[in-house]
Amino acid sequence: MPNSKPALLIVQPHLGMLASFLEPDFTVWRFWEGPPLEAVETIRALVVAGEFPVDKALAESLPRLGLIACFTAGYDGVDLAWARARGLKVSHSPGVNHEDVADHAIGLLIAAWRKIVEGDRLLRSGGWKPTEKMVTPSLAGRKLGVVGLGDIGVAVARRAEVFGLEVSWWGPREKPEAPWPRTASLEALAQASDILVVAARASEESRGLISRGVIDALGAHGLLINVSRGKVVDEDALIVALKDGRLGGAALDVYQTEPTPAERWEGVPGAVLTPHTAGATSAAVPKMVALTRENLRRFFAGEELANPVAE
């Protein structure tokens, strides 16, 4: 008897954990396991991580494809114009992990500014001497710039105020309701800030937004934090600036290529690095699973998506 459950394809291996949640209701294929040729005719949805570019050749090889379901809130890996032209719907999982991402951003900020990671390495290497004391800069009164005042940016700004930081921001659009001042330009924000947190929405327009000019404006005593997407920062310029001492430090959770090669960061001073875990918490992930499952259920039932990507 043929399987009557609607078929979908999970694309990235790290999303394989979704299979057990989806298999009760759907026929689940895993791209990295090489679905059989007959599955091509049945697959109607792709489940993807939104930060990775959708393989258009793969999508166009599936004659019944109708939905690209992004497990993540971000969907910058989807060419929306192409999807519209192909008649494909796109869903995502918004509004469930921005508070967690903001927590992580503040964690990176404190770890880098107060040199917590450096202190850990010093102790473990036997470098803690009774005649020496590591002295780190205070946070109170420092100026924090937020790039992008969406849900994550707002959550970061609110937390930063609790630590006594003076907050300002920049984004491409005015937000009259924002309680913090907006600077005239991104470079002006960087120049006025001790710490710059990148929380901008990722898109082709924001690729390389944090350029060498912005990095130089932040300066030799400045700290750059990125919890947006790796492509928003000119990573090559960032690494050179850290090595040259033109930037004081960087704390990153996202990278130009993921996983980022370990050797790329070997010998790069002043960098605190985490493996894109800011939004991956025990509270947020189940909510993302639920939203993805609901969007799939609605699509296969012919209903309106719960979380369509706004065009």
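A residue is called buried here if its relative accessible area is under 20%, exposed if it is over 50%, and partly exposed in between, with a 1.4 Å probe and protein chains only. Keep that definition at hand for this tour of a predicted model, in which local features need pLDDT of at least 70, side-chain atom pairs count only at pLDDT 80 or more, and totals for chains, interfaces and linings use all residues. Residues are numbered from 1 along each chain as its sequence is written, and side-chain values use heavy atoms, with hydrogens and water left out.

**Stop one: Ala-83**

Select Ala-83, which has its place in helix α3 (residues 80-86); helices (H or I, at least four residues) and strands (E, at least two) are DSSP runs, numbered from the N terminus. Is Ala-83 buried or exposed? Its relative accessibility is 1%, and therefore Ala-83 counts as buried. If neighbours within four places in sequence are left aside, Ala-83 is in contact (heavy atoms within 4.5 Å) with Val-78, Leu-88 and Val-90.

Next, colour the strands β1 to β5, which form an open sheet in the order β2-β1-β3-β4-β5 with parallel pairing; two strands pair if DSSP finds at least two bridges between them. The edges are β2 (27-30) and β5 (89-91), each of which pairs on one side only. Neighbouring strands of this sheet are turned by 25° against each other on average, direction ignored. Zoom in on strand β4 (residues 67-70), which pairs with β5 in the parallel sense over three bridges, and find Ala-69, which stands opposite Ser-91 in β5.

Which helix lies across β1 (7-10), β3 (43-48), β4 and β5? Select helix α10 (residues 284-301), which runs at about 165° to β3; axes are lines fitted to C-alpha atoms, for helices over the stretch in contact, and angles run from 0 to 180 degrees between N-to-C directions.

**Stop three: the aromatic rings**

Rings of Phe, Tyr and Trp (its six-membered ring) pair if their centres lie within 6.5 Å, and planes under 30 degrees apart count as stacked, over 60 as edge-to-face and the rest as tilted. Phe-26 lies in the loop between α1 (19-22) and β2 while Phe-300 lies in helix α10, so the pair ties together parts that are 274 residues apart in sequence. Both Phe-26 and Phe-300 are buried, and ring pairs link Phe-26, Phe-299 and Phe-300 into a cluster.

Then select Tyr-255 and Trp-265, whose ring centres are 5.9 Å apart with planes at 70°, so this pair is edge-to-face. Tyr-255 is buried, with a relative accessible area of 7%, and Trp-265 is also buried, at 8%.

**Stop four: the sheet of six strands**

Move on to the open sheet of six strands, whose order is β7-β6-β8-β9-β10-β11 with parallel pairing. Its edge strands are β7 and β11, each pairing on one side only, and the twist averages 15° from one strand to the next.

Pick out strand β6 (residues 143-147), where four of the five residues are buried, so the strand is largely enclosed by the rest of the structure. On one hand, β6 pairs with strand β7 (residues 166-170) in the parallel sense over five bridges, and Val-147 has Trp-170 as its bridge partner in β7. On the other hand, four bridges join β6 to strand β8 (residues 195-198), which runs parallel to it, and Gly-145 stands opposite Leu-196 in β8.

**Stop five: helix α9**

Finally, select helix α9 (residues 235-244), which lies across β9, β10 and β11 and runs at about 140° to β10. Its buried residues include Leu-238, Ile-239 and Leu-242, and what covers the buried residues of α9 includes α8 (212-218), β9 (223-226), β10 and β11. Just after α9, end the tour at Gly-245, which takes a positive phi of about 80°.
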